[in-house]
Amino acid sequence: MGIRSAFAVMAGKFTAKILHILGRGATSLPGVVTLKICPDVLGALAKNIKVICVTGTNGKTTTCHAITDMISANGYTFLTNGAGANMLNGVVGCFMDAATVTGKVRRDYAVLECDEASLKNITKSFKGLDVTVVVTNIFRDQLDRYGEVLTTLDLIQKGLAFVPDATLCLNADCSLTSSLAESVKHKKHYFFGINCGFENSSSTDISDAVYCIKCKTKYKYHSSTFGHLGDFYCENCGYHRQKPYIAIEQVKAFKPASAEVTMSIDGKSYDTEITLPGAYNLYNGLAAAIVGKTIGLDDETVISSMKKLTTPFGRMEHIPLTDKGVELILVKNPAGFNEVISFLTAHCTGEDDILFGLNDNSADGTDVSWIWDVEFEKLSVRIAEITNDKQTFFFTGKRGEDLQVRLKYAGFDTEKFRLDKDYRTLIQTIKSTGRHTYMVLSYTVMLAFRDKLGEVVELKKYAR
Ligand SMILES: [Zn+2]
């Protein structure tokens, strides 16, 4: 490490220390200071480390978490950033946390969640290193972020162009993501996917990629899972889904916190359990599995690691607020919210209350009209079958009223609605019910609400 980058690391560490003494939590300032002194400090810090970048619209955090579960269970050391630190400053900050004062990072792997738009700023420093990039999927995010899906695809392409020797792990079921295998010409690429499709999948109702990326003909599907994900093909030009190297062949049972599945690795079948809740998390489990293979783990190790995966901050995090507990679920965009709706439709009973929380800060999306693309109708039909007198739907956040209106139109019984914008009193109300509650919250509601929950119950600490 050169004198300049060593000095930059020292200055960054010093800034972090001062902030800590002042009682200020994680901020991007140490990363900013370090980058100011030495703009290419990241390359110097990452020199002797293998890098795994995870990007895509949905599932980045859960996938990173699953990868770190797997590599730590197999004796490797790692550093990782968090959802709130997935841009360049945050990535530099997490390397600096792990570095010695002389700028040495003694870890086997860096598992990095990378914001799609920031990927290029991050991979720029990783030229010539051992890099794996996972692309989970590409969906339309909130309306006011990054524009259309093709813009996101283009941003990811730019990021991949900096690391032409990287190994790519791509979602075969996403027609946008899998097109990267051709457009970026990386030699090493592996696909993961779900071969069996799901009943009641929503591909016909909502899609962010209706038309063929090559010839604009409408895609057809042999089977589908969520949104535009599935076994797609184009009748006109022949563009079609690639055969996955790792796949789910069959789902034997969905349980509230896991799924029993038959998985295949390079054509060989294995029965296992993926211990992540919700059908949508199967993709995140597969993404972790494929990374396991690319770093050299054998099939049996990968398969048994699937049984020990855990969920990260805000992704179906169980909190013992009541006897039966509550589950925190983060929602960021229509596709992710629809996956949560599918989960609730399958698992919610009359004994479960639901809290919906929405803000319109920039991290949530300032235009909340995207909630009209969420299929609350599906859940409403299910709720009408199972509901009882005790069931309550709570609403909170700056735009709680908008959600109320949306759910009213979806057919929910407004007699069961209860709006409370004061997180502390709302938490006490829910606590006093003693009931199990699913808490479905947008990003900044989640952060603030979880903080207030921490005043009442002990919470797991997450590396941020
Ligand atoms: Zn076509």
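Trainee: Before we start, what is the ground we stand on?

Mentor: This is a predicted model, where local features need pLDDT of at least 70 and side-chain atom pairs count only at pLDDT 80 or more, while totals for chains, interfaces and linings use all residues. Residues are numbered from 1 along each chain as its sequence is written. Helices (H or I, at least four residues) and strands (E, at least two) are DSSP runs, numbered from the N terminus.

Trainee: In the open sheet of 9 strands, which strands stand at the edges?

Mentor: Read the order across: β2-β3-β1-β4-β5-β6-β9-β10-β11, with mixed pairing. Strands pair if DSSP finds at least two bridges between them. Each edge strand has a single partner, so one side of it is left without a neighbour in the sheet; the two are β2 (78–80) and β11 (268–274).

Trainee: Which residue of β4 is the bridge partner of T55?

Mentor: β1 (residues 50–55) and β4 (residues 131–135) run parallel and are joined by 5 bridges. T55 has as its bridge partner in β4 the residue V135.

Trainee: Is β5 enclosed or open to the outside?

Mentor: Call a residue buried if 20 or more other C-beta atoms lie within 10 Å of its own, exposed if 12 or fewer, and partly exposed in between, with C-beta atoms placed from the backbone. In β5 (residues 167–171), T167, C169 and N171 are buried on one side, and L168 and L170 on the other. That is 5 of the 5 residues, so β5 is largely enclosed.

Trainee: And which residue in β6 is the bridge partner of C169?

Mentor: β5 is joined to β4 by 4 parallel bridges, with L168 as the partner of V133. β5 also pairs in the parallel sense with β6 (residues 189–194), over 4 bridges. There, the partner of C169 is Y190.

Trainee: On to the other sheet: which strands stand at its edges?

Mentor: These 6 strands form an open sheet with mixed pairing, in the order β12-β13-β17-β14-β15-β16. The edge strands have a single partner each, so one side of each lacks a neighbour in the sheet: β12 (315–319) and β16.

Trainee: What is the handedness of the β14, α13 and β15 unit?

Mentor: β14 (residues 352–357) and β15 pair in the parallel sense over 4 bridges, and I354 stands opposite F393. A crossover is right-handed if, with the strands pointing away from the viewer, the path from the first strand over the helix to the second runs clockwise. With helix α13 (residues 376–386) between those strands, this β-α-β unit is right-handed.

Trainee: Which residue in β16 does F394 bridge to?

Mentor: Both faces of β15 (residues 393–396) are covered, F393 and F395 on one side and F394 and T396 on the other, all of them buried. Parallel to β15 runs β16 (residues 417–419), joined by 3 bridges. The partner of F394 is R418.

Trainee: At what angle do α12 and α13 cross?

Mentor: I341, L344 and T345 in α12 meet F376, K378, L379 and R382 in α13, where contact means C-beta atoms, placed from the backbone, within 7 Å. The axes come within 9 Å and cross at roughly 10°. That makes the helices roughly parallel (angles under 35 degrees; over 145 is roughly antiparallel, 65 to 115 roughly perpendicular and the rest oblique). So the angle asked for is roughly 10°.

Trainee: Last one: is H240 buried, exposed or partly exposed?

Mentor: H240 is in the loop between β8 (230–233) and β9 (246–255). It touches F232, Y233 and C234, leaving out residues up to four places away in sequence. With 17 other C-beta atoms within 10 Å, H240 is partly exposed.

How values were computed. Two residues are in contact if their C-beta atoms, placed from the backbone, lie within 7 Å. Axes are lines fitted to C-alpha atoms, for helices over the stretch in contact, and angles run from 0 to 180 degrees between N-to-C directions.
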